[in-house]
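Please read this briefing alongside the sequence and the 3D view. The notes are grouped by topic.

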Amino acid sequence: EYHMYTVDAFTDYPLGPGSLTAEAAWLWLDLDDATALDLGGPSAVNAEQSQGYGYYGQVGYYINRWQPWAEYEHWESDGPNDIGSFDTYRVGLSYFLAGHNANIKIGYEYFKADENLTAYDTVTELRSVTSEDAVHTFVTGLYVTY
């Protein structure tokens with residue numbers, strides 16, 4: 001049994017030759033103090049690391065089918081010693097192929113955990129804490145709706 005509440009807002013405001021877009025959301029997740037989540041993998045995940053609250057905000061400027069954007073996301077977990085808490089920063093560029101029905105995104109993401117990350121060895125099936133607390137990622141995406 002769980003409870004989840006979320007609120008979000010979006011605006012697309014004409015500004016100059018293009019439009020300013022902004023989105024923000026807040027989410028609260030209560031897993032009823034469960035101790036483990038079985039996600040179908042080799043071992044269960046500590047549910048306290050997933051339970052908590054978070055928010056994000058994204059802004060962009062759309063002009064001539066292009067949209068540079070920036071996003072910030074924060075998650076505050078109920079895990080001991082802030083395990084599961086993180087901050088993520090993203091910047092990128094979108095190209096709209098068919099209005100809001102199709103777009104391609106490219107970007108960079110910096111993920112920073114409050115505690116060092118956990119690694120899982122699929123050969124030995126052992127879980128260990130790494131000396132890293134951050135991940136740098138190049139992201140790409142395609143969105144299509146009809």
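What does the accessible surface of the protein chain come to, and what percentage of it belongs to carbon and sulfur atoms? The model is predicted. In this model, the accessible surface of the protein chain comes to about 9700 Å², and carbon and sulfur atoms hold 58% of that area.

**Overall build**
- The protein chain has zero helices and 11 strands.
- Read from the N terminus on, the order of elements is β-β-β-β-β-β-β-β-β-β-β.
- The protein chain has 146 residues, and 23% of them count as buried.
- Among contacts in the protein chain with a separation of 6 or more, 46% are made by residues 24 or more positions apart.

- E1, D32, D33, E48 and D78 form a negative surface patch.
- One of these patch residues, D32, sits in the loop that runs between β2 (18–30) and β3 (36–37).

**The glutamate E71**
- E71 is part of strand β6, which covers residues 66–77.
- Is E71 buried or exposed? E71 counts as buried because its relative accessibility is 14%, and the cut-off for buried is under 20%.
- Apart from neighbours within four places in sequence, E71 is in contact with Y56, G57 and Q58, and also with T88, Y89 and R90.

Notes: Residues numbered from 1 in each chain as written. Predicted model: local features only at pLDDT ≥ 70, side-chain atom pairs only at ≥ 80, totals over all residues. Heavy atoms only, no water. Patch = residues over 30% accessible without salt bridge, like charges linked within 9 Å, V, L, I, M, F, W, Y side chains within 5 Å. Areas by Shrake-Rupley, 256 points an atom, 1.4 Å probe, with all protein chains shown as cover. Salt bridge = Lys/Arg side-chain N within 4 Å of Asp/Glu carboxyl O. Lys, Arg positive; Asp, Glu negative; His and termini not counted. Charge placed at Lys NZ, Arg CZ, Asp CG, Glu CD. Helix = DSSP H or I, 4+ residues; strand = E, 2+ residues; numbered from the N terminus. Buried < 20%, exposed > 50% of the residue type's maximum accessible area, 1.4 Å probe, protein only. Contact = heavy atoms within 4.5 Å.
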